[in-house]
Amino acid sequence: MTKWVYSFGDGSAEGRADMRNLLGGKGANLAEMSNIGLPVPPGFTITTEVCTYYYENGEAYPPELKDSVHDALTKVEEIVGTKFGDAKDPLLVSVRSGARASMPGMMDTVLNLGLNDETVEGLAEASGDARFAYDSYRRFIQMYSDVVLGVDHHEFEDLLDLKKDIRGIYQDTDLSADDLKELIEEYKKQVEQSLGRPFPQDVNEQLWGAIGAVFGSWQTNRAIVYRKLHDIPESWGTAVNVQAMVFGNMGEDCATGVAFTRDPSTGDNIFYGEYLVNAQGEDVVAGIRTPQNLTIRGKELQNSKLPAMEEVMPEVFSQLEAVRERLEKHYRDMQDIEFTVQKNKLFMLQTRSGKRTGKAAIKIACDMVDQGLIDKETAVSRIEPQSLDQILHPMLDPDADRNVIATGLPASPGAASGQVVFNADEAEKRALGGDRVMLVRIETSPEDIHGMHAAEGILTTRGGMTSHAAVVARGMGRPCVAGAGDVNVDYRAGAFSVGGVTVKEGDWITIDGAAGEIILGKVPTVQPELSGDFGRIMAWADEARRLGVRANAETPEDVQTARDFGAEGIGLARTEHMFFEGDRITAVREMILAETEEGRRAALAKILPMQKADFVELFSIMKGLPVTVRLLDPPLHEFLPRERAEFDEVAKSIGVSVEKVRRRAAQLHESNPMLGHRGCRLLNSYPEICEMQARAIFEASLEAAEATGEAAQIEVMIPLVGLNKELELLKDVVDSTAKQVGSEKGKEPAYTVGTMIELPRAALRAGDIAETAAFFSFGTNDLTQTTLGISRDDAGAFLGTYEKRGIIEQDPFQTLDVKGVGELISMAKERGRATRADLKVGICGEHGGDPKSIDFCESVGLDYVSCSPFRVPIARLAAAQAAIKGDARDG
């Protein structure tokens, strides 16, 4: 029989850390902490398999689950010595989510469950603290009503604020037991008014309501968006953790906090976190009260006057420091921990691998290698390749003028400028319209995630370093300044003010997430310096990987960037991109409008020296490395104007009639140009174009080799081949041109000829094509379009729906469709190498920079991937991880 529930606590557990797929990350780590003897309140985990069952069976539970939960709850009662629902001394529990991948703030939690009008009196009597009991009940009604019953939490916040105003107090903790009693009655009235039924008093009804809410939160919009952003499959589901409550809000000898065993922004080996005395966990992350630093050092760095935990609770802090060291040694990774102190006794509520910035991930990995905690391959495997995006982009120019109008907490590093917006929907809307926006909020919530993703950066006036805004921004790689308390946001006015300065919606501001600065206007940026720990990780990655990594680039700037980032060659130089610059477009249009081969050759003769000069520069930068040059691919109409108003200008610049330009444009018009007269079809129709481009390549190759002393490895790529004869004819033109250039220059150019596989027929007939081609480069953008029959430009209308409905797991233009396109690639490689054993095979579509797609390329034995210049380090790291994973699998 399937085991649906796993117990933990009292120094032992039924689960382990390696059972995270079944127990979720939180459940597996609670079990592990119990097993190693840390002080963990007892509880039990309802497995992710229940979540799967729940959604596959019309939101119903397995028949035996109720008994399993009852038995597990009985064990908790025995360990704690109290009973769930007992009017005299009640057991209270928390109900929390726990997916196998960390999703901070995205899933639902309920605390203090088990309180009702009777048990609250028992809790007051048993604890000897009526204020604590009523405060817990007040919190429970608010949280349960919001999470389970769907009553907006702002309704309760308004009642709380009104009560404090009437009493003339500022802090929640200043409310008396009688105040809280009154507030509880007001809360219950609000629930009945909103729902038409009273707040549930049956503790078992409360428990199953909370369990259902946690499973239900797996399908909330915020969770769906987060899963999509972080490539978390819907099929994984979430576990539910039910755990005996311990209380941080019983008095001044109680506290609750969140900590990281190292700084998650910088990676420095310092204890980093926040706590609050006489509080519960949501108080720390919600930003309702200003959290205090754990350490004296942290307090001093932030110029805080609030006492650190190290000062207020030195003995408990010392225990927490010991737990920190123990967890790092056990897990051999930086941990994100949650804890509660009840009557000066420490309890651990959670540990998980901490979210960190790309910069921090690199430093932590290198430091842990130096400490002997992990080896180099583990260090390489620890770093999320996409996180390198955070450190590969510009930062604020240190020499630029800055009009700093306010400061907050440096919650997530990096810097950005944007136009101010005050809500997530507007941020997303304007970003989709091409605007760069800065999301400014009093505090963020999980519902804001789509706007946070759309924004260049995030600024909040409340919250600390572990607030929702801070954690989510770091995970996304967005700069964030949090807790800027001097900033006054007025949503209705669409403005914020600070120090006499008013900033309106649409005004530009800049934030520096590393310094916590808010700056008026735009500030210029500079490129980051990549050295030190970054260089060490990249060197270790290069040692581990088998796949080559090239770049898709043709401009000198992009080619040099690619080289600086460690590209081992150019996998795709698109020659047509060179045709649009300056006077070249005029010569190209002359060629298109020419009615005879003689006229076309005359125009091509003007283009030749320009194209050759481009190639000289490219080959010089890439001396000694392979450079794959794709001959002209797009249809000719792309070089002609589309608007009638532009026809006059073109006709005048070329010296022909407007009517001739219009007539030629009409002749070249195609209903489906992607499958039309382009690539090898165009080159076979006009072989003189192929001849000119080949001559430019070969003359430039010889000239660059003479200038630099080392020749680039030239690979001439013929696009859109579906039939071997198409390739044969064009290879003859390339070979003939090479001989002519060799005869003229007194030296034969070295080169190979291959093709871009972007049609299913080419993949199926790869054995034939390999008779002529020395290499294959899979153009996965077009191969995906032609295999799936989907236009990349139009797919946005339905791919989102397909993902939501589970038809596809991810956008096939971002991550390779392994079962369809991937099978064609694998088949083509096998058939091609059966014909030509030394056939070189790689990919050059956008998938070349996607870690999941790179993993596939490694698994099928391709030779290289090629991607955009800024993604080269990401591809190097992902290729290393794929090789390490492959070795582990083979071993």
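This is a predicted model: local features need pLDDT of at least 70, side-chain atom pairs count only at pLDDT 80 or more; totals for chains, interfaces and linings use all residues.

Me: Start with α1 and α13: at what angle do their axes cross?

Reply: Roughly 110°, with the axes coming within 12 Å. For reference, α1 covers residues 20-35 and α13 covers residues 314-331.

Me: So what do you call that arrangement of α1 and α13?

Reply: Roughly perpendicular, because angles of 65 to 115 degrees are put in that class.

Me: And is the crossing left-handed or right-handed?

Reply: The crossing of α1 and α13 is right-handed.

Me: Which residues meet there?

Reply: From α1 you have Asn29, Glu32 and Met33, and they meet Leu327, His330 and Tyr331 of α13. Sorted by class, that contact has 3 nonpolar, 2 polar and 1 charged residues.

Me: OK, switching to the second largest pocket. How much space lies in it?

Reply: About 760 Å³.

Me: How many residues line that pocket, and which lie nearest its centre?

Reply: The second largest pocket has 33 lining residues, and Met674, Arg678, Asp782, Gln785 and Arg792 lie nearest the centre.

Me: Which element gives the largest share of the lining?

Reply: That's α30, with 5 residues. Both α30 (780-788) and β28 (570-574) supply at least two residues of the lining.

Me: How does the lining split by class?

Reply: The lining of the second largest pocket has 12 polar, 11 charged and 10 nonpolar residues.

How values were computed: Residues are numbered from 1 along each chain as its sequence is written. Side-chain values use heavy atoms; hydrogens and water are left out. Axes are lines fitted to C-alpha atoms, for helices over the stretch in contact, and angles run from 0 to 180 degrees between N-to-C directions. Helices (H or I, at least four residues) and strands (E, at least two) are DSSP runs, numbered from the N terminus. Angles under 35 degrees count as roughly parallel, over 145 as roughly antiparallel, 65 to 115 as roughly perpendicular and the rest as oblique. A crossing is left-handed if the near helix is turned anticlockwise from the far one by less than a right angle, and right-handed if clockwise. Contact means heavy atoms within 4.5 Å. Ala, Val, Leu, Ile, Met, Phe, Trp, Tyr, Cys and Pro count as nonpolar, Asp, Glu, Lys and Arg as charged, and the others, Gly among them, as polar. On a 1 Å grid over the protein atoms alone, a cavity is a set of points where a 1.4 Å probe fits but cannot get out, and a pocket is an open set with protein on both sides within 12 Å along at least five of seven lines; lining residues have an atom within 4 Å of a point. Grid points are joined across faces, edges and corners, and a volume is the space filled by probe spheres set on the points.
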